Amino acid sequence: MSPRIATRRTPHPSHPAQDTTLPPPAGLRAEDGTGHVLLTWELVPGARDYVVHRSPFADGPYSPLTGRPLPHPPYADTRAEPGRGYWYKVAARTDDSPGALTPTPVPGCVKARGIALATVTVTVDATRTAPPQVTGDGAQALVRAVARHTDDGSHVHVVVWNTATDRTGTPSGSPALDRTAVVRVTGLAPNASYAPSLHSSDSVPSDAETPCGALGDTLLTARGPFSNPLPHEPLPTLTTTPDGTASLSLDVPLPGLRSLHLSRV
């Protein structure tokens with residue numbers, strides 16, 4: 001009997017081998033925030049979602065942070081202890097398997113809450129020419145905002161939602177994750193008066209969530225007719241500037257939302 005000779009099969013030309021492993025995300029950055037570390041990175045083509053890994057040591061070992069799938073950056077790590085340093089890496093995932101972790105970790109350290117609440121600015125355009133924008137400490141990872149308004153801008157409804165529990169399961173009542181939202185409404189009538197009223201809720205109503213976009217993220221949807229107001233707290237009258245801008249400050253607890261109505265008087 002002739003001896004067997006081990007041979008290596010080559011892929012058939014019509015069926016080339018495919019590598020489905022995704023590369024690690026590029027541009028990973030960490031920003032220290034009040035009650036959280038904010039992580040951002042570049043999207044990876046073909047990725048279904050992302051997994052953030054954390055370690056107290058730069059050399060690891062790294063463990064994935066729990067929570068629901070993260071379809072895109074940014075991500076706020078709200079489980080990190082204030083004053084303690086951490087290291088972070090991120091991997092992209094497909095339906096089949098996770099990709100490689102970022103080769104170089106980035107450091108992050110949570111800031112403790114100071115005298116004032118952490119602040120975000122919510123900018124809403126009453127003319128509908130631009131979507132609501134959120135900037136500031138933890139913006140986009142901790143705070144969401146949506147708006148509805150009439151065509152003439154005489155009624156504006158803005159919902160601001162502190163979403164920290166949505167990503168981490170952090171228990172309620174965490175003061176370091178409370179936020180102050182400066183709501184800035186542009187495109188109003190110049191030098192005009194608006195009557196604001198504030199609506200509060202301890203939880204997000206189930207009918208107030210709707211899928212938004214192909215990435216599967218969730219935003220609040222302002223629902224209900226303007227002529228049927230909910231129980232509310234009236235606020236002092238606002239007077240717009242000559243360019244049609246009005247603003248006020250709202251404390252948004254964790255968890256919770258604030259629903260602001262502006263009606264021209």
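1. Glutamate 81 counts as partly exposed in this predicted model, because its relative accessibility is 45%. Partly exposed is the range between under 20% (buried) and over 50% (exposed). Arginine 84 falls in that range as well, because its relative accessibility is 38%. The side chains of glutamate 81 and arginine 84 meet in a salt bridge, at 3.8 Å from N to O.

2. Arginine 128 forms a salt bridge with aspartate 151, and the closest N and O atoms are 3.7 Å apart. Arginine 128 sits in the loop between strand E8 (118–125) and strand E9 (133–136). Aspartate 151 sits in the loop between strand E10 (143–149) and strand E11 (155–162). The pair therefore ties together parts that are 23 residues apart in sequence. Both arginine 128 and aspartate 151 are exposed.

3. Are aspartate 77 and arginine 54 buried or exposed? Both are buried. Their side chains meet in a salt bridge at 2.9 Å, N to O. This pair links distant parts of the chain: aspartate 77 belongs to strand E5 (residues 75–77) and arginine 54 to strand E3, 23 residues apart.

4. The salt bridge count comes to 6. Look also at the linked group: Arg48, Asp49, Arg93 and Asp95 form a network of salt bridges. Asp49 is a buried residue of E3.

5. Of its 7 residues, 7 are buried, so E3 is largely enclosed by the rest of the structure. In a regular strand the side chains alternate between the two faces of the sheet. On one side of E3 are Asp49, Val51, His53 and Ser55. On the other are Tyr50, Val52 and Arg54. Both faces are covered.

6. Strands of a sheet pair through backbone hydrogen bonds, either parallel or antiparallel.

7. Take the two neighbours of E3 in turn. How many bridges join E3 to strand E6? There are 7, and E6 spans residues 85–93. The two strands run antiparallel. Valine 52 stands opposite valine 90 in E6.

8. Finally, check arginine 258 in strand E19 (residues 256–264). Why does arginine 258 count as buried? Its relative accessible area is 15%, and the cut-off for buried is under 20%. A polar atom of the arginine 258 side chain lies 3.2 Å from the backbone oxygen of aspartate 251.

Note on methods. Residues are numbered from 1 along each chain as its sequence is written. This is a predicted model: local features need pLDDT of at least 70, side-chain atom pairs count only at pLDDT 80 or more; totals for chains, interfaces and linings use all residues. Side-chain values use heavy atoms; hydrogens and water are left out. A salt bridge is a side-chain nitrogen of Lys or Arg within 4 Å of a carboxyl oxygen of Asp or Glu. Helices (H or I, at least four residues) and strands (E, at least two) are DSSP runs, numbered from the N terminus. Buried means under 20% relative accessible area, exposed over 50%, partly exposed in between (1.4 Å probe, protein chains only). A polar contact is a pair of N or O atoms within 3.5 Å; within protein, one must be able to donate a hydrogen and the other to accept it, and residues adjacent in sequence count only if both atoms are side-chain atoms. Two strands pair if DSSP finds at least two bridges between them.
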